[in-house]
Amino acid sequence: MRPVSSPLRPPRAPSRWLSALALASLVLLSGCSAFSRAVREGDASTKERHWAEAEAAYLRALAADPEASEVTVKLRAVRKEWGAEVYQEAGAAHASGDLPSATKLLVRVLELDPDHDGARALLAQTLEARVGVALGLLKEEKLQDARAELDAVLAVAPDHTSARKGVDAVQVAWAKRFFASADTLEKAGKLGNALLAYVRADQERVGATAARERAEAVRLKLRDEVAFLVVAAPVDDKAQAPDVAQRLGAGRLATFLPTQLPLKVVTEAPPGRVGVKLELALERVLPLKAVEESQRTKRYLAGNRSVPNPKRGQFETKLLETERTLETVERKQAAVLREYLRAQMELGTLRDAAERCREREKRECREALVECGEEARDAKKPGSIPGECNPERCSGQCTQDEGLMVQKAKAARVLETAVQVALDKAETQRTEVQRNRDAVFREPITVEEPMYSDFVYDVQLHRLTVTATVTAVMRDLLTPQQVPAPNTQDYAVLHEDVAHKGYDRYGVLADPVQLRNELELRVDAGDKAVADLAKRVKERFDVYRGKRVEDARRGMVRPGAEDVVETAVRALLLTADAPPQDVLQPVARARGLTRPEALLGQ
């Protein structure tokens, strides 16, 4: 029987619930203890008027219990009293004239007590006083100090109207100062430094001075000073082709050179200038017209013809493959069926032998039982068992035959499964053969296909070539005594077109000759020659400005020096298409430019 529990004894709680309850109690007690300890520390610091410690303690208490309204009230009271003390300090600082300290203290008062009207009013007075101080510094030309005062006011009150007006006045003063400095530098011949000063004045306050116009004028002077001159002599027209020689003139060469770089094409150059003297000679202008006979073919539709259907051939090939596969499947099916029939015959033979053995065993067992009964009745000793009553005489005689029959029956079942699989596979293959046979019969034996033929017709290729031979000699202006080798180049312009008759029957439309005019090709040949000459001049210019850029890079260890600035500005004007940043950025930072690309007029 099961023991019956007493109804007065409550069931024992599981150990995990006890652990969770203990953990929750511990957390609650620890939280209460941290909250109470923080409140006590805050109250004690408040009595001693240690406002920072009291605020920190009350904030810890609110972190432990955010819903504690009494702590919120205490924290607000602490900040209010603390703000009153800071306000007294701010008033003393304001009275003593320490406006920056008064500003910081008043901002702190408003952080502690945003509703403190006295602090707000005193802060407004302090900011106005600082703006007045800044304006006084502006009148004394102490622009840096004035800007610092105004920035401090705007950091506290970004919308302060007087401070913003003061900043505008400081910017105008800076612009005028830089403009005056630039004017002095320009008169002293320091054009690079003057350009930087003009650009800085324009960036300080746009429109306050005429800095932008003066910067453009100085930039033009510098470009003229560092310009790479190309002295183009009159073209020696040996070919008596004025239309081509005109394309090689100085004006045409200038249009092929980049305009943003100080590259000038002139007819005369003062001594001591950097550049090259270009002498051109038009040797000959040779037009050449040629006609080449050739043949082309046009394919056209000549008719239709019957051809064997390629799809039917594919289907017949597939049908043949499936029929051969069916023959293989049927051969395998016949072999499996023969094995199955043979196994069934052997199983029947073994079954008959086992039945005969069982009948013989039954008969012998009955005879043994009769003999055992007679011997037991005639036994002399009661209770003794005679030898004729041995149980082995009635069992174990047909075990081998029955084992062979069981094995053969298992083999027959396996063969029966194989026969069924072979029959299914044969049926599936017969279905596939019938499907392919139907596909073959549905396709026609022959189909119509288009028959094409090629029509051969004559074509004339007309080619017009104009070749201009130009000899160019480039001499360095600084070393005119050198004798450079002349460079003779052929500039060929080619245009070609085909012409043939029209044969509507074969779809060949007539194409007449449409060659360009020889005068047009002569002009193109001249333009091609002058474009190549401009490229070679640009290569000489790249070598020249590369040296100036290297000189400027060597001075970047002191980018604010006047001599370094002069060299750097000239190098930058020479590289206006792609100014090197390792020169432009250091110079701009040293002179306070906010947009360095304005130095190049961009």
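This is a predicted model: local features need pLDDT of at least 70, side-chain atom pairs count only at pLDDT 80 or more; totals for chains, interfaces and linings use all residues.

Trainee: How many bridges join E4 and strand E5, and in which sense do they pair, parallel or antiparallel?

Mentor: Strand E4 (residues 275-308) pairs with E5 (residues 446-476) in the antiparallel sense, over 31 bridges. Within that pairing, Arg 299 has Asp 454 of E5 as its bridge partner.

Trainee: And in which sense do E1 and E4 pair?

Mentor: Strand E1 (residues 228-232) pairs with E4 in the parallel sense, over 4 bridges. Val 231 stands opposite Lys 277 in E4.

Trainee: What about strand E2 and E4: how many bridges there?

Mentor: E2 (residues 236-237) is joined to E4 by 2 bridges, and the two run parallel. Asp 236 has Ala 281 in E4 as its bridge partner.

Trainee: Changing topic: how many residues are in the largest nonpolar core, and which have the most contacts inside it?

Mentor: That core has 72 residues, and Val 71, Leu 195, Tyr 198, Val 569 and Leu 599 have the most contacts inside it. Helix H7 (residues 161-187) contributes the largest share, 9 residues.

Trainee: Which residues is Leu 599 in contact with, leaving aside neighbours within four places in sequence?

Mentor: Leu 599 is in contact with Leu 195, Leu 196, Val 199, Val 569, Leu 572 and Leu 584, and also with Arg 219.

Trainee: Which residues does the second core include?

Mentor: The second core is separate and has 35 residues, among them Leu 261, Tyr 491, Ala 525 and Val 537. In soluble globular proteins, nonpolar side chains tend to be buried together.

Definitions and conventions: Residues are numbered from 1 along each chain as its sequence is written. Side-chain values use heavy atoms; hydrogens and water are left out. Two strands pair if DSSP finds at least two bridges between them. A nonpolar core is a set of buried Ala, Val, Leu, Ile, Met, Phe, Trp, Tyr and Cys residues joined through side-chain atoms within 4.5 Å. Buried means under 20% relative accessible area, exposed over 50%, partly exposed in between (1.4 Å probe, protein chains only). Contact means heavy atoms within 4.5 Å.
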